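Good morning, and thank you for coming.

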Amino acid sequence: MNLPRPFRPLGPLGPFLLACALLTRAAEPPLTPDQAFEQVKAYDYGQPDRALHFLELEIVRAATDAPKKAQMAERLGAILADAKATHAARVWCCQQLLLVGTEAQVPLLVKTLDDEKTAEIARFTLQGIRGEASLAALRTCLAKFQGMPLVGAVNSLGIRRDAKSVVAIAKLLTNSDPLLAAAAAEALGKIGNAEAATALAKAELPARQMGALHDAQLRCAQLLAAGGDAANAEKLYEQVWASSRPVAWRLAGLAGLTKVSKEKATPLVLDALGSEDPLIQASAVQLTKQLPGEKVTAALVQRLEKLDASGQALLLDVLAERGDRSAAPGVAKRMEAKDDAVRAAAVRAMGNLGDSALIHRLGALAATERGLVQQAARAALAALSSKDADDRLLAAAAEGEAAIRVELLRAIAARRIASATPMLLKSAADPDDAIRRAAFDALAVVGAPECYPKLIGLLAAAQGDTQAPEKAVLAVGARLANPADRAAPLIAALKTASAQAKASLLRVLGATGGADALQAVRACLSDADAAVRDAALRSLASWPDAAPAGDLLKLARDSESPVHRVLALRGYLHLASEEKDEAARLKMLEQIRPIATTTESKKLLLGALGEAPDAGALQVAASFLDDAEVRAEAAAAALRIGQAIVGSDRQAVVAAMTMLVEKCKDEAVVKQAEALHAQALKPPRAGGAGSVPDYDKKRSDGMKADVAKRAPKGFQVVAYLNCGPDATDGEKGKPTLRVGDAQAYRWAGADIRYGTIFYTGDVVTFEASSLNPKKAYQLGFSWWDCDHDTRAQSVWAATAKGEKNTKLVDKTKLPSGQKGEKPAEKVVPIPQELTTTGGVRITFRNEAQPNCVVSEVWLLESEAEGPKGEAGAPGPQKANPDAKKVLIVTGVDSAHNWKATMRPLADLLEKDPRLACRIVEDPNFLASDEINNYDVVVIHFQNPKPLEKGVEGGKNLLKFVEGGKGVVIVHFGCGALREWPDFVKVAGRVWDPKMRAHDPRGPFKVNITDVKHPITEGMTTFDTNDELYTCLAGDSPVEVLAVATSKVDKKDYPMALVANVGKGRSFHCALGHDPKALSFPGVAELYRRGAAWAAGLPPVPPTK
Amino acid sequence: MGIAAPYFVHASVLGAEGRAPASDRLRTGHIGVGGQGSGHFGGCVGNGALQVMAACDPYKSKRETRQKQANDRYADAIGKGTFKGCDAYADFRELVTRDDIDAVFIASPEFWHALHAVWAMRHGKDVYCEKAMTLTLYESQAVRDTVRRHGRVYQLGTQQRSDRNFRFAAELALNGYLGKVHTVKVAVPGGSGGLPIAVPKPAPPDIDYEMWVGPAPWKPYTDTHCSFNWYFIYDYCIGWIGSWGVHHIDSALWGAPAFHTGKVEIEGTARFPKQGMGNCSYSWRVNLLAENGQRMFFTDDGGQPHGVRFEGDQGWVHVVRGGIKAEPESLLRLALKPSDIHLYQSHSHHGNFFECIRTRRDPVSDVDAGLRATVTTIIADVATRVGRKVVFDWTAERFIADDVANSYLRRPMRSPWTL
């Protein structure tokens, strides 16, 4: 026998498995066995235990041959003998020695037996080590130990079945310590020789220890019997059966005796059958199964007489099971019993014990009786096992009383009599309705494919109820070797069929499907007979696939008959509900909107939407909320669908329920919508692993395209993993992303994008490979603390070999799903000194509780081949190596959509080819030394809560600017870093929450003040539409470059100002609430020139 | 005098309170009454044909909560006749040595199962035990031998045997409706990927910690291991490869008995936590090869779709809790022939147990099936630990020529415990 490779690639997870094999290294360097053994010595409970985990596998895997095994055992023994090793370490070593220890460790273990603290674990280990030496050592314990350790030693010797210890152990049977006496009994039972049997037979133990003695006697008897000493075994069993112990105990003696001596047991068992005690009776009945032969059978039949009804029923079952036909006459008599349960049991038993002579009688019972007896008769007919039973049944079913024939036809189906087809076809033409129906039913089960055309002929000629023949045609048709052959005979029959038969044939065609069938059914839509037209339409409506969708849509719109319009619409909606692909289903639903013109058709549509509840159906339902005619129905449909999908598509439900609350007046509806809305916002249930869906390329590509939309300028997404389902992504030979150390999981009820994750207790790793050393790379990812409010993680990058491990993201608290926070998305540059090696290992590290989770990961690659060592490469057309580097710091804002403004801001700055922007979505980045690689830092964030590294970042920023660099404060950036009092030194003016915030959003003019400054030189008053900030405070010297007049208080407020900070420059602009505000030429110009000035460049006149 | 009374009575004869006369009630005791055990306890308290006599748990709060639940229900009966109310014990030995209890429900952590079951049975009790059957192969053998030696009724809590879909899937596979079955695929949840390093502390007064640790190697109390987490700590359980695996493996073996016949080759890999208290695999890929050439792929849910799948050369059937699929789909509407193998029919796992107590037959999840399923998960786990191909001989119930692998099959117990 040869096994295949241990890892058979399983679907899309193949690469995942490969990655598992390649990347089992954690972020920390792997241990060597030497280091690990060293660490074990000092291990104690509650201490780091990597070494134990490592060695638990290392030891058994190294022990493939004797020398290596011995070496491992020796190392474990050394720790065990080391007085400085902890107790925890020694216990652990003993456990490992149980796997690899040999006689060589025995002397060492004997020594540890003498130490009270280690005696128990040494005994424990000796028990598991094979060979005479360990046994001898255990024997010495009998003299050496007292109390609990002695109990342990007796237990061990019992398990080792040490015959040499019997005498010593037998003495302990009378020990005053009941635990010890019980242990002795138990051990003797396991040793199980004649000597032990003698000791056990006369032992007496206290009541609470009797169970141990009882078991020991039985076990000893069992072992004796197995060893051929039946005589002593019998004695013990008889002693147990005759004892005064509880009945449930004693019966074990009778059962044992039945095994070793049928002769002795038979009279006792037969006697027990007559016991008054139901437990003894029932047990005896079961024991008779081990006592074959007509003698016992006869005794059982005789016993029947003396039992009440339920006892008889039980015994009849047992007689049936024995299968001894000598019981048949006695059992048959009970078929006349008064009690139904007894009759049923007898009838059922006769299925096993009787022969084909019973067929007619059983048929009659099945035809005339109801309930239990009828069921039993049918079961017996199906079970009759005599050789001629099938043939006799076929003959009997062909004639005689109709009701009986019906039952016999049913039995033919139940017995799957393959040769029955000709006889059944004949019966299918019988004048009796019930016989015909039964024959068709049987044909549906056993009809041979060859009878298909004949069956269609019978269907075409059928009178009255056509359900059974239709079912038979469908069932036999399904057995045709080629499914394509099903339609032709039906279509042929259609040509000459009567109107009624046509209806039948059309129904069958509707379930058969196929192109030819569709054409034939279509033709019947214009049949002269209304009933045929009707049947044709219904046939289309039940079609197995969506092929007739177009026909139905047309009929729903154009049919002259209102009934048919409704039928067609309903059929169309049914087909839509059967469509598996969500997008295709939505498209089908949308096509019906223009047709749903009448109130009735709209209601019909809304009613049908719930049949396949999904986001698309919800969207269609919600779209009718504006239609006063059917608003109530639309709301009801939306609620119904919402309920159905709230567990799977929370976002769609939130959106629809918001609309509902807005548009519905009905209080009850609003209340329900609000409840559903709240439910959708609730965090998914913690615990209970939801199943991780399979990898789906289409789905992942969609998510990839979505993150690509937000890619920093000049970068494109080259690989994307939706953690959980996706294990690897990237084209061959191109940059590839692969998961390493991780396990897939889905938070129950959470969406696939963020709710499926990779996780482990400590680190989740990914490997980026085949990187272009000349290009720059960034890492994008999303994470979410869906079921807690505790998780915090950092992100690291190292070379593929694990060198140069660099922190990309400091310990950061994850947004909590418990608190209703949304998943967070981040993009960070990967230092080029890592990517130039071609491969990077990314590590997400758990920094809190309970573990480390990642929702999505993607890899961004610069379009251009950036200058070596430069983290952010500018866009291709602007590959200007001398450009000043501008770092836009964003990632949080309590009142603004920073994701929407960060790109437009970078774009407008880069209109000046001397500026190259990079965006970092992490304000804590300010604390990093890396900011010194830039010329200007743009503060485009506002943190509502203190940042983890806010103060540190602020100080770092101040140092950066004072040292001669530039800073730009954008709009609400004035409210950043409020935890750091010196922010005003950098920003010149800062947000004072006590002041009025701003004029209502609207158009206003920005006036350039008279100050001669390179930034505003040549600029004139310009228009914008923005929030006019009225909340900037501070008294340090600044130069105001532009102002605007508030419509509220008619006062002028600064819109742009500059300040000198040490050797550096600060430009602060209050404009730029959103992309629209940034799009005004004047605003863009002001920012561009301000940033250039901050970078130490002479601002240039407006370009284009 | 009938053979059927008094163990099990039909609802129709229950009194006004929905309860059978006291003398006719089956009397139950419950060991381990948190988690899964509380479900069994509640079910029995609500069953008028039963009388719940005692609750046992090392946690005072747990056993007393259950005691109160039972006594509230029995309030009218306490003190009348001999019934004094439901008792509560920390030590199961006090429960099993009572002679007024007929059946014991066991829902303790797995490393206790064998001792609890064996003690109950050698004291004449019938046993319903939660899965997995035991922690080791040796313990499974001890339970099986005790059932046979004492003629007890033993039902393992692998309740998929009382689910029509699982039975039907196995019947399709056994009776050739899928053609020649060449592959069986089994996937179950992998469990926890890791537990923290837990700091020892004094055991809280609520717990009798000695009775919690019992036969396992002693270590100081931590909140981490004295909780649901025991599933993922090797001293107490082999992880969900066993504890969850036993359900689907049992269903797989039902339809593919070759995997518990003769010799079976096993090879596999697994991932284990690298630190912390948990040291059981959480992700595994194990291949088994039976003598008849059938293969089984046993993985966690990350490896293949969850459930049990029998694949033959003419079709397949895939069954999970609450669903069954097949190809061709018509298989699902198929009715078995009288000459086909019909597997044991049970529609209620508890009900089947009570019925068998009355008739003294083996229940649907009998001890042999329980041993095979449990041992299959154990040997799969061992294969991943030793990291090499092993061959298990079902006749000898040992690995062939692999001392290290065989050493995993038995673990010594702390005194005074033994089996």
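Predicted model: local features only at pLDDT ≥ 70, side-chain atom pairs only at ≥ 80, totals over all residues.

Residues are numbered from 1 along each chain as its sequence is written, and chains are lettered from A and ligands numbered from 1 in the order in which they are written.

I begin with an open sheet of 4 strands in chain A, ordered S1-S13-S7-S10 with antiparallel pairing. Helices (H or I, at least four residues) and strands (E, at least two) are DSSP runs, numbered from the N terminus, and two strands pair if DSSP finds at least two bridges between them. The edge strands of chain A here are S1 and S10 (824–830), each pairing on one side only. From one strand to the next, the twist averages 20°; axes are lines fitted to C-alpha atoms, for helices over the stretch in contact, and angles run from 0 to 180 degrees between N-to-C directions.

Strand S1 (residues 715–722) of chain A is mostly covered, with 7 of its 8 residues buried. A residue is buried if 20 or more other C-beta atoms lie within 10 Å of its own, exposed if 12 or fewer, and partly exposed in between, with C-beta atoms placed from the backbone. S1(A) is joined to strand S13 (residues 856–862) of chain A by 7 bridges, and the two run antiparallel. Opposite A:Gln716 stands A:Glu861 in S13(A), and opposite A:Asn722 stands A:Glu856. Helix H42 (residues 697–709) of chain A lies across S1, S7 (777–783) and S13, at about 140° to S1(A).

Another open sheet in chain A has 3 strands in the order S4-S5-S12, with antiparallel pairing. Strands S4 (743–746) and S12 (852–854) of chain A each have a single partner strand, so one side of each is left without a neighbour in the sheet. Strand S5 (residues 756–760) of chain A is linked to S12(A) by 3 bridges, and A:Thr760 has A:Cys852 as its bridge partner.

Now the helix pair. The axes of H27 (residues 433–446) and H29 (residues 467–478) of chain A come within 8 Å and cross at roughly 15°. H27(A) and H29(A) are therefore roughly parallel to each other (angles under 35 degrees count as roughly parallel, over 145 as roughly antiparallel, 65 to 115 as roughly perpendicular and the rest as oblique). Residues making the contact include A:Phe440 and A:Leu443 of H27(A) and A:Ala472 and A:Val476 of H29(A); two residues are in contact if their C-beta atoms, placed from the backbone, lie within 7 Å.

How many residues of chain A are in contact with chain B? There are 82, and they meet 69 residues of chain B. Helix H9 (residues 147–159) of chain A gives the most to its side, with 7 residues.

Chain B itself has 12 helices and 15 strands, and 60% of its 419 residues are buried. B:Thr158 counts as buried because it has 26 C-beta neighbours inside 10 Å. Its C-alpha atom is separated by 6.5 Å from that of B:Ser365, 207 residues apart along the chain. Leaving aside residues up to four places away in sequence, B:Thr158 touches several others, among them B:Lys131, B:His247 and B:Asp250.
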